[in-house]
Amino acid sequence: MAFTKINNKMIEARVVPGQRLFSQRGAMLAYTGEVRFTPNITGGQGGVMSMIGRRVANEDTPLMTVEGQGSVMFGHGGHHVHVIDLTGDTLYVEADRLLAFEGSLQQSTMFMGSQGGVMGMVRGQVTGQGLFTTKLDGHGAVAVMAHGGVFELPITPNQPVHVDPQAYVAHRGQVQNKLSTALGWRDMIGRGSGEAFQLELSGHGSVYVQASEEKL
């Protein structure tokens, strides 16, 4: 794994010749060795559509490509950092919670409405979360950010998990998501937390949930 945990809010990444890392802009805290940081206007390996997705989700700055030889310390805003190791499976990460990932992973952008229909769009509009989620496939490590730490909940067939949309960080596996409302439309005005909305995840996999509803 390229990432080593220094403490709850910092990780160290090994950078070796011939391999790349991608990070959120502004995430570099310090580095040693001969390391280069280059803005990646195509959004990692996801191409132009990935870049468009991040911009529509109000992420105006591109990812940074990290290359060379040395080590880099990453962190951002004092948020807790959690490392997820992918071994050929797929991870979906709320775009603004993605801190860094290995270049061996294939990146693309998924519009939440494609799984959640119209309600997937409502989720982004009302809760303040992004409409786009970053999809990462393959073998490699991913570092995500959260408030108050992250815990992982298993998702099993016939046992869906309901999550406050603002507490959602990421999910992996063969999982479908659907946003449902717990209140009538009049009751939901001005409410964006789990009292009004519930994100239902079903299938087989796991969901990563942050310990606080505070938005990044």
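Guide: The accessible surface of the chain comes to about 9800 Å², and 52% of that belongs to carbon and sulfur atoms. Accessible areas come from the Shrake-Rupley method with a 1.4 Å probe, and for residues only the protein chains shown count as cover.

Visitor: Where does the model come from?
Guide: This is a predicted model, in which local features need pLDDT of at least 70 and side-chain atom pairs count only at pLDDT 80 or more, while totals for chains, interfaces and linings use all residues. Residues are numbered from 1 along each chain as its sequence is written, and side-chain values use heavy atoms, with hydrogens and water left out.

Visitor: How many helices and strands are there in the chain?
Guide: The chain has 3 helices and 13 strands. Both are DSSP runs numbered from the N terminus: helices are H or I with at least four residues, strands are E with at least two.

Visitor: And what share of the residues is buried?
Guide: Of the 216 residues in the chain, 48% are buried. Buried means under 20% relative accessible area, exposed over 50%, and partly exposed in between, with a 1.4 Å probe and protein chains only.

Visitor: Which residues touch the most other members of the largest nonpolar core?
Guide: Phe-3, Ile-11, Leu-21, Val-66, Phe-74 and Leu-99 do, out of 17 residues in that core. A nonpolar core is a set of buried Ala, Val, Leu, Ile, Met, Phe, Trp, Tyr and Cys residues joined through side-chain atoms within 4.5 Å.

Visitor: Which elements give two or more residues to this core?
Guide: They are β2 (10–15), β5 (63–74), β7 (98–102) and β9 (132–146). Apart from this core lies another, of 16 residues, among them Leu-98 and Phe-101.

Visitor: Back to β5. Is Thr-65 buried or exposed?
Guide: Thr-65, in strand β5, counts as buried because its relative accessibility is 5%. Leaving aside neighbours within four places in sequence, its contacts (heavy atoms within 4.5 Å) include Leu-21, Phe-22 and Phe-37.

Visitor: New topic. Where is Asn-158?
Guide: Asn-158 lies in the loop between β10 (150–155) and β11 (161–163). Asn-158 is exposed, with a relative accessible area of 81%.

Visitor: What about its phi?
Guide: Asn-158 has a positive phi of about 65 degrees, although it is not a glycine. Most residues other than glycine have a negative phi.

Key: Contact means heavy atoms within 4.5 Å.
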